[in-house]
There are 4 protein chains.
Amino acid sequence: MKLWSGRFDKPTDKIIEEFTASLDFDKRLYKDDIAGSIAHAKMLAKVGIISTKESDALQSGLSEIYREIDSGQFSFDIGDEDIHMAIERALIDKIGSVGGKLHTARSRNDQITLDLRLYLKKEIVIIATLIKDFQAILSEKCRISKSAMMPGYTHLQRAQPILFSHHLLAYFFMLERDFNRLKNCFLETDVMPLGSAALAGTSFPIDRDFVSSELGFSKISDNSLDSVSDRDFVVSFLSSASLLITHLSRLAEEIVLWSSQEFGFVVLDDAHATGSSIMPQKKNPDFAELIRGKTGRIFGNLMAMLTVLKGLPLAYNRDLQEDKEGLFDTIDTIKPAIVVIGSAIQAMTINIENMEKAAGTDFSTATDYADYLVKKGIPFRAAHEVVGEIVKDCIAKNKDLSELSIDDLKNFSNDFDADALELHSIKNSVDSRTSPGGTAPISVEEQLAKSEKILKSEEEWLSTNEYTS
Amino acid sequence: MKLWSGRFDKPTDKIIEEFTASLDFDKRLYKDDIAGSIAHAKMLAKVGIISTKESDALQSGLSEIYREIDSGQFSFDIGDEDIHMAIERALIDKIGSVGGKLHTARSRNDQITLDLRLYLKKEIVIIATLIKDFQAILSEKCRISKSAMMPGYTHLQRAQPILFSHHLLAYFFMLERDFNRLKNCFLETDVMPLGSAALAGTSFPIDRDFVSSELGFSKISDNSLDSVSDRDFVVSFLSSASLLITHLSRLAEEIVLWSSQEFGFVVLDDAHATGSSIMPQKKNPDFAELIRGKTGRIFGNLMAMLTVLKGLPLAYNRDLQEDKEGLFDTIDTIKPAIVVIGSAIQAMTINIENMEKAAGTDFSTATDYADYLVKKGIPFRAAHEVVGEIVKDCIAKNKDLSELSIDDLKNFSNDFDADALELHSIKNSVDSRTSPGGTAPISVEEQLAKSEKILKSEEEWLSTNEYTS
Amino acid sequence: MKLWSGRFDKPTDKIIEEFTASLDFDKRLYKDDIAGSIAHAKMLAKVGIISTKESDALQSGLSEIYREIDSGQFSFDIGDEDIHMAIERALIDKIGSVGGKLHTARSRNDQITLDLRLYLKKEIVIIATLIKDFQAILSEKCRISKSAMMPGYTHLQRAQPILFSHHLLAYFFMLERDFNRLKNCFLETDVMPLGSAALAGTSFPIDRDFVSSELGFSKISDNSLDSVSDRDFVVSFLSSASLLITHLSRLAEEIVLWSSQEFGFVVLDDAHATGSSIMPQKKNPDFAELIRGKTGRIFGNLMAMLTVLKGLPLAYNRDLQEDKEGLFDTIDTIKPAIVVIGSAIQAMTINIENMEKAAGTDFSTATDYADYLVKKGIPFRAAHEVVGEIVKDCIAKNKDLSELSIDDLKNFSNDFDADALELHSIKNSVDSRTSPGGTAPISVEEQLAKSEKILKSEEEWLSTNEYTS
Amino acid sequence: MKLWSGRFDKPTDKIIEEFTASLDFDKRLYKDDIAGSIAHAKMLAKVGIISTKESDALQSGLSEIYREIDSGQFSFDIGDEDIHMAIERALIDKIGSVGGKLHTARSRNDQITLDLRLYLKKEIVIIATLIKDFQAILSEKCRISKSAMMPGYTHLQRAQPILFSHHLLAYFFMLERDFNRLKNCFLETDVMPLGSAALAGTSFPIDRDFVSSELGFSKISDNSLDSVSDRDFVVSFLSSASLLITHLSRLAEEIVLWSSQEFGFVVLDDAHATGSSIMPQKKNPDFAELIRGKTGRIFGNLMAMLTVLKGLPLAYNRDLQEDKEGLFDTIDTIKPAIVVIGSAIQAMTINIENMEKAAGTDFSTATDYADYLVKKGIPFRAAHEVVGEIVKDCIAKNKDLSELSIDDLKNFSNDFDADALELHSIKNSVDSRTSPGGTAPISVEEQLAKSEKILKSEEEWLSTNEYTS
């Protein structure tokens, strides 16, 4: 019979038992569950609800169970429903009826959200570390490829020449936002719920601040009803993870494009590509496609959790058990995705020749011609029109801008002078875009300097919040 | 080294290998993979691409591998990437280089969609059977509780009295639509893709119709590019499953409401309810809450799959590997959900007294008073106004409609006669709603008759499409 | 005061009135609402609930209101909440208290789902017609470009040469599935709910079959509770639309790729491309990007509707009012998307030279070499390995397959004979893939023949279900 | 012809023009667009790119256009595509070719994200203000109903008695998290992108910090490529709004439950409820149902935006135009939802008698009996078992806990003494739960005190960031 079965006439139906049990997946939380229980047991003695001797018995029993689970010697029984009951039952089996004192002044309702918060705090720090490492890879890749130029694209059409490092830095700054969102999410998670009991608090003289401090939380929750039904922190994490993998999916898409024969901008390391069961020549960027594809499951996990919460009355409802699998799956997906894309970026070879060739054709310096005229006093809108005509004429004559003579240019506007013949140079174009955040080497150098400051500050935050078990 | 590694200089990086491998979850498809390979091997011999002896060797090797996996004796190695490669490698290990002939004229691209279609066809039939069984439970529950009345609700406010069986039949007809959608989805799935090879078909003189017929498909796919990149059938299934669990979630919500102390309409069997770790008196409808909550994950799986497909160029891309886990999870979720809710409905006790008491108060026959006046010639809109005034007066005087005398009624409209004193009867009200689909016993009887016809026709479809392995 | 205000002491708060009103968007349903009311009025007279004279008054009043709305002369007042009340009030204003007889034996609960079904049936037929027209464009484009070859891609890597028409036909067959899903959705929608009244049916002797037949429905709904709370048909439509726009998004992605400078496969008509406010040379495939982007909103509309329905108890709840805007937005999005992509495909120019050049490089005929060896008796897996080695060697020596001499080939396998020197020909490769559904001209010709049969059968269905108002 | 049409041979096709135009919805941004342009024009003069006179002309032209749009006198033409082009064209019409100087050193790519950020910053402050006002209503409602008790629920089963104010405070603290998330989102939005130009920055000597400070931003964006393709702030807002409306949906669900006849805990003000077109007695909580239903559309808008971003290569792509409608719809939905639910909570009447009666039955003080035994030294698990047996016995004998004599209790455990006869009192139960965050009046008083501090600090933040136009 269940530990809660006093008022029941019959045992739970097997199929209901299987359907409602969460042990299969929530056993992943055993470390956090036991850490929470040990802190709880210490507190119970501290305030005199149980004796020190009883507390010691509980704590050493729990530590033993921890070792058993950790070493794979613990045998789980689905009849125990969840990790909390599995451990409580084992504790009673091990140390006798005193084990039954552990659950004083608490409920599974506050216990599960405690476990989940402990677990997620650690995982957020791990993921944030991986982000920081990936940013460092990007920053390093920028350093070693800084002068390489490529076409900048809008609408997947060549737009203006840019530095390859400028492009990579765009991802660096996206990842900075991801890091910051995770920091905010950490703060949301870093709230100690234990002591909310079933939903209404307890009449025992508990010391919630003591438990909070034992477990490394920075504050306790304010309202017991809210505490047991709040899963905002899970949604916040899933939202942050959705944006993070969205960023990875954008880079993955670019890796797929860049490694296509049509682009030919990068060559993946053989160790990172995959072959075909039928086509002997194939070398596919499968990892990048998978990152792109796995974006879907994280969006799905976010949608799932939101759907669970919609219209749920207070306080705890069993629907909330659905908070875990999507969260775990998201964590399990995002961690290797960051590592994989980082190591692929690190190892891939850049084909600078192809990139620069692509950047130098298809009129990608046309804006420079317009800006030139503007600097001569022509309104931008008129200058744009003039250069549009030049481009149209070039297309008709199958010419490139570099092939135009000064007379050709003067046919369109008398404001073109001899120096306009240098406007087709992609190096000139890149060098000129010195506005803050722009693609000129000097601007990129500033961005790189900033990126190093950011890495430093991220490291500081991580060192403060690193999990030490 | 991989079976496709000829053109590679280095082995795959460990982390890439783990990230891209699908073996962990696609091994669930081993039956279908082997069935497909056996049909393919037969066909290769039939058209003379390999000899009968070679084909026999392939087939008996495959059968042996099937038995090994089935009995848990096969050892999977993640280095094999997926179930296809795991089996092909084992085959070559077992029967030598002739095993390498199996993959002639096919690719993993057409193979995986074949496997998935074979698998899903079986699962659709299983789920459809569970739906039919649940409908039979509902129909039976209607039979035994046919005359019980309850309040019909709109906006969760008591609206008009109805038969409890009428309410259950609403779910019967929802489930019929689910059954039909699954039938359509079965048709979408029942298309044989093998022979599409990588994406372009093959130069071998294969016989696709033979393979199709061997495997019990009703048609072959039309275009090889489409075949290897089409996952419409997965989305269609996830959409159908989303609606199905939405229906279950609506009934689950009602079970939660009905078994609350406030409603008190049903008492769940002790074997279907769950207790609390802290509150000794609790008896909770956890299974119903979980069904409601699990709705989220199926919506999430649908969103995930749609996201995967968005903007994917032809033909096969590795993103498509993400088609499986969400599908499997949906199937694993939906099957026990139907069984659990069915058995709970079957076993729960109805508190007719509470239901009828609730139906008879709060003016739920007010519409009958308005309709009465209409039958006397008053325009409905005016009659509605009159009865609204009566209700307002009753509330002010804290009276029920049954307490009104004929004079009371006449104060509001002279068209009320003595027979109006019967209008407060919920039995009269229910009995009067004889329109087709209405709640009167005679209408409900017709619906029940129809429900039996539907069950019969569902059984027929199932018997034609039942899977026999 | 509202038409339902009899029992209320106060008028509705202004902010509540605005928040709950749906008139702003449901006025789009006025045609359907009035058609439904006219059929209802006819029926009321037919069965004797009202007199023929009354019915005539109702009908001519309604027709007049229809003309007023249609010509923009009707003035809507948000205080009327919704299109039903707006029309009923106008009717009473126009023809006096007999107007109040229209709402006899019905409720807004059955009325709104009637309106929505009438509306959606028409829109489904319109969308299906647009699909068919687009398929015809694809089929025609295939006819005129049939022999053009391009690289077939998997993983966005060149895989095997294919016919351009084969590629377009993949979309033709996707669209056929879309058409069929819409047909199923039409069947789901084609059910007449009126007569379900509020939720329980009615005591008036109505003739639901008459109304159904007047309005062109093929059946009436079975259960009144289900009828007023069923929005399955909306979800089914949104699911079908999600897959449809997913298909368009895939083609849109390809148009973006093909019209990039890197691919250079197609040139969009100037009338279909868009310029840049700053870069004079830009010619962007905005319409294709927008179709890709608009995929999101349709997924969102689907997610929204599913969320609305999750956990909703029977019968009607006001949440269901949220069924309309997402549906309308989906319809308004999908119709021009089909037209736009169709006309762009029709008008775009194919650069055959670029496509065939791309198809002929990067070892895309490697599979043909492996298949050649298989035909000499080498197991496919071994042949694959041999050709993999050849490719690796070519890459190292920067050679193409066409540059290999027979001796070069024999170095890898003695089974290569002189005829192997033709294996690099993309035309030979394409011509050889004659399996059903394959890319050989003969196979594509069969697919085209089938496409014409499909178009014919679609036209037949459309002509049967075309809306004639 | 378009302002960008120089290089085009043909005008844009009408259907493409309509499909791609965003003017219909982005005209909502005119204030922000003009504010941005004025700041840009000032800066252009400040750094000497244009003359002061030119800048003045631009600024006064823009101000005039602002007044025209604001007063409804501006006529929009869909041929202008978007609000940027509409205003630029009007400017040139108004002040001549100098108007064409405005677009110097910028692009629509950086302009649109500037507009959206300016707009969203204001709206976040407005929504945060509404949250704060709603929190104040909750806090006030707590003050005036502080001693009222109700059943606390888990699994919608009565669990333990709580204070009604404790329940409302749960929402107060949820809303505090919403407020904080919006603050974080404000920070993400508060980044000035102008000067990123098309994607690569500009060669003009612009002063981005000046523009930033003119427009009230606290920092400029770091990388131009990232700036024009970043929509993280939109997703962050939609995520925050999703959680916010989820909280409202939970409260809305409770309002629906509480105002049902079964619960009878609250009576809505007549001004906030809605009637039925057919049932004269109905008084429905439509606004609450609609809030619950509208949750779906916000989830949908979030899903839509995430889908748009998935797999999008850098930098600007037209898909991003889809960022606006879902954002606007979310803002338009969330603002009245907060106001409506706030005013309904404020005006609704609490039926304390019903609430306390419900709290005092169904063994909701059972936990107190168990805790009593624990305080006598019995392990909690054993005490739970004992009380479970008592409850089972009571159910069998149809008794309430209050009816048990001390002998009855002693039959189950000798540790029960006379004072146990007070355990059934819900007042005692509530008073005893004094743990921090618990339901005892003393704990609730602390929560209320904290709520006032929170309101104060929110007001401070709002006053710093309030928009003054």
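Modeller: In this model, 109 residues of chain A are in contact with 109 residues of chain D, contact meaning heavy atoms within 4.5 Å. The model is predicted, so local features need pLDDT of at least 70 and side-chain atom pairs count only at pLDDT 80 or more, while totals for chains, interfaces and linings use all residues. Residues are numbered from 1 along each chain as its sequence is written, chains are lettered from A and ligands numbered from 1 in the order in which they are written, and side-chain values use heavy atoms, with hydrogens and water left out.

Between chain A and chain D, about 8900 Å² is buried, and carbon and sulfur atoms give 57% of that area. Buried area here is the accessible area (1.4 Å probe) that two parts lose on being put together, summed over both. On the side of chain A, the residues that lose the most area to chain D are A:Arg250, A:Leu314 and A:Arg381, together 9% of what that side buries.

The rule finds 14 salt bridges across the interface of chain A and chain D; a salt bridge is a side-chain nitrogen of Lys or Arg within 4 Å of a carboxyl oxygen of Asp or Glu. A:Glu188 forms a salt bridge with D:Arg181, and their closest N and O atoms are 2.5 Å apart. The same interface of chain A and chain D has 57 residue pairs in polar contact, both residues at pLDDT 80 or more. A polar contact is a pair of N or O atoms within 3.5 Å; within protein, one must be able to donate a hydrogen and the other to accept it, and residues adjacent in sequence count only if both atoms are side-chain atoms.

Helix α10 (residues 232–258) of chain A gives the most to the side that touches chain D, with 13 residues. Helices (H or I, at least four residues) are DSSP runs, numbered from the N terminus.

Finally, the symmetry. Chain A can be laid on chain D by a turn of 180° and a shift of 0.0 Å along the axis, with an RMSD of 0.0 Å. Such copies are superposed by least squares on the C-alpha atoms of residues with pLDDT of at least 70 in both. This is the relation of a two-fold axis. In chain A, the C-alpha nearest the axis belongs to A:Ser239, 3.2 Å from it. The same surface serves both copies, with 100% of the contact residues of chain A recurring in chain D.

Note on methods:
Helices (H or I, at least four residues) and strands (E, at least two) are DSSP runs, numbered from the N terminus.
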